[in-house]
Amino acid sequence: MHSTKITHARSMGRHRGLRILLLAMAGGLLLLPQGLLAQPVPREVPLKAARDVTLSAADDAPKQAASAPATHPLTAPAEANGNGNGNGNGNGNGNGNGRMATSSAQVKAYEERSTVHFSEWLKDNPDAARRRSTGSVQENEIRAILAGALNRAIDRSPLLRQTHAEQAAAAADVREAQGQRWPQIDVGANSQPVSLGGASNDSANPQAITLNMTTNVFDWGRTGKTIDSRKELNSAADQKYLANLETLARDVSLNVVELEKNRRVSAISQHYVERMSTLVGMLKEIVTTDRGRSSELTQARARLMEAQASLDASRARERDNEIRLRKLIGDAPVKLPENGDWALVSANLNDLLAAAQQHPALRQAEHEANASERHAESLRAGEKPQLNWVVTKTTGEDQLGREQPWQTMVTVNWPLFRGGSARAAREAALMRADAERERKAQQQLDLEFETRTAEQDANTLLARADLYRDLTSETDAVRKAFFEQWYHLGRRTLLDVLIAESDHNNNRINEVSNRFDGYQAILKAYASAGQLTQWLHGGQN
């Protein structure tokens with residue numbers, strides 16, 4: 001029994017070794033075809049120096065570039081991970097390199113392509129080299145230009161002509177009230193009366209001419225108060241004209257500056273569109289040879305469409321400003337200096353606040369309140385007895401044919417009862433005076449804080465514009481470095497380049513916007529203080 005068991009165990013051990021040998025041989029046979037078909041993949045890819053693919057300035061046509069050894073962006077290591085599949089198919093010729101090694105025919109095609117240099121493409125930012133030492137336009141020159149535009153607006157403003165007519169009407173009202181102090185002479189006439197029915201006595205009332213003169217002797221100051229009220233209204237009309245003139249000066253000046261700002265923004269946006277168009281054109285040439293870079297062309301086209309939309313928006317704002325300015329000054333053009341640095345300096349804040357207390361709008365409200373108070377006093381005096389001297393003469397004859405003599409008398413007229421209407425009219429005049437006082441207080445508060453806000457905005461915006469000017473110089477270098485890194489080294493993606501271009505463009509626009517908004521804030525400060533017209537014509541604050 002024991003011997004039989006030992007023999008069976010030894011037999012099982014010999015069979016197990018045989019099985020292992022057979023499995024090893026089968027595995028070797030399975031791996032042999034793959035070893036025979038596999039090709040070695042080179043660790044280093046030789047890259048052939050290619051011709052520079054460069055860009056032109058936005059407003060120049062493409063021109064021939066000199067041959068220079070450089071690593072083409074299409075063959076840069078950063079792009080080598082594009083479409084290589086590493087499965088033995090490669091680019092169709094069985095070399096297993098995918099896009100890492102561009103065929104000699106492709107490289108030759110790029111070498112034969114005529115392109116332009118990117119260094120010239122960047123020469124479209126004159127603001128980047130502009131520093132603080134650059135000369136600025138003198139304040140007198142800007143004031144003269146804005147004053148000329150204001151003078152044209154004054155000549156064609158219907159509102160000012162309307163206000164001027166109101167001034168003349170108010171002055172006539174004063175003369176009308178003053179005439180009440182003089183004797184009031186009336187001349188009347190009557191025909192021969194005709195009697196119907198009853199006893200006829202036509203000879204008692206013959207036809208005659210009557211002369212009547214009435215002179216006010218004492219009226220408790222009613223006439224004097226009426227004259228004072230009309231004078232206050234006349235002064236209010238004068239201040240209304242000045243207030244409308246200040247408003248017109250503000251509208252004209254701000255629209256001129258706003259139009260210039262939008263024109264400069266449109267020029268920057270146009271530059272940006274041209275740069276993006278040039279980049280899209282270059283990428284189209286590249287994609288015709290290398291279809292794998294179509295995604296970069298899509299990105300560039302998207303940025304180009306964004307730039308065109310921004311340009312259309314700025315041009316729309318420019319057209320709106322042109323329409324508003326044409327409404328004010330007509331078709332006459334306003335030529336501002338090319339240099340955007342204007343030496344505009346706001347006046348001292350305390351001086352502006354002191355001048356704001358004498359703003360024409362505030363003086364107009366004050367005069368209108370005084371006029372209502374004088375009118376209420378005139379109505380109060382009219383409720384008392386009025387003493388008049390009357391002289392009368394008629395050419396008629398009595399029944400005996402005698403001429404009527406001159407007659408003179410003193411009359412007293414006392415409006416004793418008017419149903420409360422006189423008192424109501426007096427109270428209404430006093431309430432109007434209170435309303436004008438409150439309107440003046442509100443206007444005074446608004447003008448004070450408008451002046452403070454404009455002064456603060458002017459300082460902040462101009463300082464911010466200087467920061468954006470310095471930042472523009474830095475982003476100009478950044479965008480150039482990003483392109484060089486993408487173009488020569490493959491260390492950046494096209495998206496990085498586009499973002500750098502967009503940031504640089506936005507910084508240029510922000511500089512122009514903040515600078516011209518600062519100029520507008522200075523003009524608003526003068527307008528809120530009621531000194532803009534005087535400042536434009538060279539007056540002292």
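These legends accompany close-up views of helix packing, strand pairing and an aromatic pair in a predicted model. Residues are numbered from 1 along each chain as its sequence is written, and side-chain values use heavy atoms, with hydrogens and water left out. Because the model is predicted, local features need pLDDT of at least 70 and side-chain atom pairs count only at pLDDT 80 or more, while totals for chains, interfaces and linings use all residues.

**View A. Helix α4 against helix α6.** Here α4 (residues 139-155) packs on α6 (residues 222-289) at an angle of about 125°, with the axes 9 Å apart. Helices are DSSP runs of H or I with at least four residues, strands are E runs of at least two, and both are numbered from the N terminus. Axes are lines fitted to C-alpha atoms, for helices over the stretch in contact, and angles run from 0 to 180 degrees between N-to-C directions. The angle makes α4 oblique to α6; under 35 degrees counts as roughly parallel, over 145 as roughly antiparallel, 65 to 115 as roughly perpendicular and the rest as oblique. The crossing of α4 past α6 is right-handed (the near helix is turned clockwise from the far one by less than a right angle; anticlockwise is left-handed). From α4, residues L146, A149, L150, A153 and I154 meet L245, L248, A249, V252, S253 and V256 of α6, where contact means heavy atoms within 4.5 Å. By class, this contact of α4 with α6 has 10 nonpolar residues, 1 polar and no charged (Ala, Val, Leu, Ile, Met, Phe, Trp, Tyr, Cys and Pro are nonpolar; Asp, Glu, Lys and Arg are charged; the others, Gly among them, are polar).

View B. Helix α7 (residues 294-329) packs against α6 at about 160°, with axes 7 Å apart, which makes α6 roughly antiparallel to α7. The crossing of α6 past α7 is left-handed, and their contact holds 20 nonpolar, 11 polar and 12 charged residues. For α6 and α11, the angle is about 170° and the axes are 9 Å apart, so α6 is roughly antiparallel to α11. That contact of α6 with α11 counts 16 nonpolar, 8 polar and 11 charged residues.

**View C. The open sheet.** Follow the order β1-β2-β3-β4 to trace the 4 strands of this open sheet, whose pairing is antiparallel (two strands pair if DSSP finds at least two bridges between them). At the edges are β1 (184-190) and β4, each pairing on one side only, and the twist averages 25° from one strand to the next. Strands β2 (residues 208-218) and β3 (residues 386-394) share 8 bridges, with N216 opposite N388 in β3. Between β3 and β4 (residues 407-413) there are 7 bridges; here W389 stands opposite V410 in β4.

View D. The structure holds 6 aromatic pairs, one of them F516 with Y519, edge-to-face at 5.4 Å centre to centre and 75° between the planes. Rings of Phe, Tyr and Trp (its six-membered ring) pair if their centres lie within 6.5 Å; planes under 30 degrees apart are stacked, over 60 edge-to-face and the rest tilted. Both F516 and Y519 belong to α11 (residues 494-528), 3 residues apart, about one turn of the helix.
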